[in-house]
Amino acid sequence: MATLTGLGLLKGLWVTFRRMVDTYLVDLRWRGKRYRSAAGLQDRLSYGTRGIFTIQYPEEKLPSPENFRFIPFLVYDQLEDGEKKLRCTACGMCARVCPPQCIWITRAVDPETHKPLTQPAEFVIEADVCMNCGLCAEFCPFDAIQMDHVYEIATHSRWTDLRYDLKKLMKPAAYHAALHPLRDQQETLEREGKKREGEV
Ligand code: SF4
Ligand code: SF4
């Protein structure tokens, strides 16, 4: 039993030693280009990669998967006349489901009739409170709020920089489509399906 345990230890040490040697051999083969180059990063991310290494953050960044979630943003459609039409109807669903209650919405009001409009006059997310759970995006009935991939938001001015207002939250539909191609495709199909049902 003692002999077997010793063999296991030796095997483990051999694996560690081989990986250490591989590190230098692969680095030599890449002639210093294994780091800080797109091809080198792809090689280190591949299944067949060899040796021991790390990602040289912040100079290098790992590509975020589509479902990565950080602070939400509000999607707007660019109309032909140049108007930025928010998809948000100020229904308040996202604010209701937000676990730490960090979404604040004020509904716009028609200046003449004083009736409430289906659009927000103000929309604020407290980014320092948001826990990136994504519930707001899941529950929004209009695909109007989506989770962003921007995660480098550290700041010295918490009270001003981490209070995301409408201006900071608004991003074009094309940005959402590029960030979440599969989700955008699915949402578009569902919207078209609903439109067709409405027409029947
Ligand atoms: S983002 Fe969506 S859920 Fe939130 S208020 Fe706007 S339409 Fe409603
Ligand atoms: S991601 Fe979660 S915590 Fe952040 S605003 Fe949306 S519901 Fe709230």
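Predicted model: local features only at pLDDT ≥ 70, side-chain atom pairs only at ≥ 80, totals over all residues.

The residues around the ligand are Cys88, Thr89, Ala90, Cys91, Gly92, Met93 and Cys94, together with Ile105, Cys140, Phe142, Ala144 and Ile145.

## Nonpolar core

The largest nonpolar core holds 23 residues, and those with the most contacts inside it are Leu74, Cys88, Ile125, Cys136, Ala144 and Ile145. At least two residues of this core are supplied by each of β1 (72–78), β4, α4 (135–139) and β5, and the largest share, 4 residues, comes from β1.

Once neighbours within four places in sequence are set aside, Ile145 is in contact with Pro72, Leu74, Cys88, Cys94, Cys136, Ala137 and Cys140. In soluble globular proteins, nonpolar side chains tend to be buried together.

## Open sheet

An open sheet is formed by 3 strands in the order β3-β4-β6, with antiparallel pairing. Because β3 (103–109) and β6 (163–164) stand at the edges and each has a single partner strand, one side of each is left without a neighbour in the sheet.

Strand β3 is joined by 6 bridges to β4 (residues 116–126), the two running antiparallel, and Trp104 stands opposite Val124 in β4.

## Loop between β5 and α5

Thr155 lies in the loop between β5 (145–147) and α5 (158–161), and Thr155 counts as exposed because it has 12 C-beta neighbours inside 10 Å. Apart from neighbours within four places in sequence, Thr155 is in contact with Asp161 and Leu162.

Terms used. Residues numbered from 1 in each chain as written. Chains lettered and ligands numbered in written order. Pairing = 2+ DSSP bridges. Near = placed C-beta within 6 Å. Buried ≥ 20, exposed ≤ 12 C-beta atoms within 10 Å, placed from the backbone. Contact = placed C-beta atoms within 7 Å. Core = buried A, V, L, I, M, F, W, Y, C linked by C-beta atoms within 7 Å.
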